[in-house]
Amino acid sequence: MEGILDLLNSDLGKSIVSGVSGSTGTDSSKTSSVLTMALPVLMKAMERNASTPEGAEGLMGALSNKHDGSILDNLGGLFGGGVDNSVKQDGAGILGHILGAKQQGVQQVIGQKAGLDAGSVGEILKIAAPILMGYLGKQKKASNASSSGDLTGLLGGLLGGSSADNNQSFLEKVLDADGDGSVVDDVAGMFLGGDKKKSGLGGMLGGMFGK
């Protein structure tokens, strides 16, 4: 199974980065950095939520109905003329649901590393969240996932599976960032691994996913 970062490196992923960048007026390389950091974090949060029967049932329902993947079939329509407010409202709802009180801290951590303010990161994520849900809906359909176990297995596989322990611990720390400054600095330091030369996208990927 391809991981979530393989999606970003694909032609589809490049279209998503370009569309989100144009829709938010954000530099495409910064948009790419935000999505590279944020999508695994959002998926890790979903994996956490899906570990309870209620959470799994809610996510399964969303992926079977509203977020069945059809959003990916017409990205030109999605991004053409600006993203519709209903999509952003949907995205805001998704973020609030899966991140809860952690949302501001997560946006601050990602913004600090990408060179954007937390509000700009939030605008990017409002558009990215429904797209990510659509991607998961397509994957759910393709793998015939029908139980909570199937769902957590799907999310784990897209995150890189059990071999990516460092990545898992990193994502947990981002999700536990409470925005008090010190945690943000600690987590930001994890991206750099103490080596300023690795501050580019390649360094972040290397630190996060051992690539």
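Analyst: A quick convention to start: if the near helix is turned clockwise from the far one by less than a right angle, the crossing is right-handed, and if anticlockwise, left-handed. The model is predicted, so local features need pLDDT of at least 70 and side-chain atom pairs 80 or more, while totals for chains, interfaces and linings use all residues. Numbering starts from 1 along each chain as its sequence is written, and side-chain values use heavy atoms, without hydrogens or water.

User: Fine. What makes helix 2 oblique to helix 8?

Analyst: The axes of helix 2 (residues 11–24) and helix 8 (residues 118–143) cross at roughly 140° and come within 9 Å. Helices here are DSSP runs (H or I, at least four residues), numbered from the N terminus, and axes are lines fitted to C-alpha atoms over the stretch in contact, with N-to-C angles from 0 to 180 degrees. Under 35 degrees is roughly parallel, over 145 roughly antiparallel, 65 to 115 roughly perpendicular, and the rest oblique. That makes helix 2 oblique to helix 8. Their crossing is right-handed.

User: Which residues make the contact?

Analyst: Helix 2 brings Ile16, Val20, Ser23 and Thr24, and helix 8 brings Glu123, Ile124, Ile127 and Ile131; contact means heavy atoms within 4.5 Å.

User: Glu123 again. How do you know that Glu123 forms a salt bridge with Lys126?

Analyst: The closest N and O atoms are 2.9 Å apart, and the cut-off is a Lys or Arg side-chain nitrogen within 4 Å of an Asp or Glu carboxyl oxygen. Glu123 and Lys126 sit three residues apart in helix 8, so about one helical turn separates them.

User: And why does Asp90 count as buried?

Analyst: Asp90 has 16% relative accessibility, so it counts as buried: the limits are under 20% for buried, over 50% for exposed and partly exposed in between (1.4 Å probe, protein chains only). Its salt-bridge partner is Lys66, with the closest N and O atoms 3.3 Å apart. Asp90 belongs to helix 6 (residues 85–99), whereas Lys66, 24 residues away, is in the loop between helix 4 (53–64) and helix 5 (75–79). Lys66 reaches 60%, which makes it exposed.

User: What makes Leu171 buried?

Analyst: Its relative accessibility is 0%, so Leu171 counts as buried. Leu171 lies in helix 10 (residues 165–175) and touches Pro40, Val41, Lys44 and Leu159, leaving aside residues up to four places away in sequence.

Notes:
Helix = DSSP H or I, 4+ residues; strand = E, 2+ residues; numbered from the N terminus.
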